[in-house]
Amino acid sequence: MRYRLTFIAGVALGYVLGTRAGRERYEQLKKSAQRFAENPAVRNAAESAAHSGRDIAGKAYHSVSDKVGDKVPASVAERVRSLKERSSQNGGAEDDWGTTNT
C-alpha cells in the first residue's frame, strides 16, 4: 500500500510540474512564432508567394477553360468574370483572392 501511495504522489507531482513546464514552453513557442510572422522579410516573401500564386492560378484557369469550354462551374466563371470587370475598372489593380482580412 505504501508503494502505491508513493507512486500516485509521484505521478501527481510529475503531472503538475510537467503541465507548468509544458505551458511555459508553449508560450515561448507562441511568442517566437509571432516574432517570426512579424518579420518584414517573412511578410514580403509571403506576399510575393501569394501574388505569384494568384498569377499562376489565373493563367491556369484560362488554359483549362480553353480546353474544357463551358464545363467550368457557373460560380467559378462568375467569380472570374467579376474580378476581370473590377480590375479593368480599377485600372488593372490587384484582386483580393488569397488575402485575409485580419
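Select helix 2, residues 40–68: its 29 residues, at 1.5 Å a residue, should span 42 Å, and the end C-alpha atoms are 41 Å apart, which agrees. The expected span is 1.5 Å times one less than the number of residues. The model is predicted, so local features need pLDDT of at least 70 and side-chain atom pairs pLDDT 80 or more, whereas totals for chains, interfaces and linings use all residues. Residues are numbered from 1 along each chain as its sequence is written, and side-chain values use heavy atoms, without hydrogens and water.

Next, select asparagine 39, which caps the N-terminal end of helix 2. A side-chain oxygen of asparagine 39 lies 3.1 Å from the backbone nitrogen of alanine 41.

Which residue forms a salt bridge with glutamate 27? Select arginine 23: the closest N and O atoms of the pair are 3.1 Å apart. A salt bridge here is a side-chain nitrogen of Lys or Arg within 4 Å of a carboxyl oxygen of Asp or Glu, and the structure holds 1. Both residues belong to helix 1 (residues 2–38); because they are 4 residues apart, about one helical turn separates them. Glutamate 27 is partly exposed, at 26% relative accessibility (buried is under 20%, exposed over 50%, partly exposed in between, with a 1.4 Å probe and protein chains only).

**The whole chain**

Finally, select the entire chain, which has 3 helices and 0 strands (DSSP runs of H or I, at least four residues, and of E, at least two). Buried residues make up 6% of its 102 residues.

How values were computed: Polar contact = N/O pair within 3.5 Å; in protein donor to acceptor, adjacent residues only side chain to side chain.
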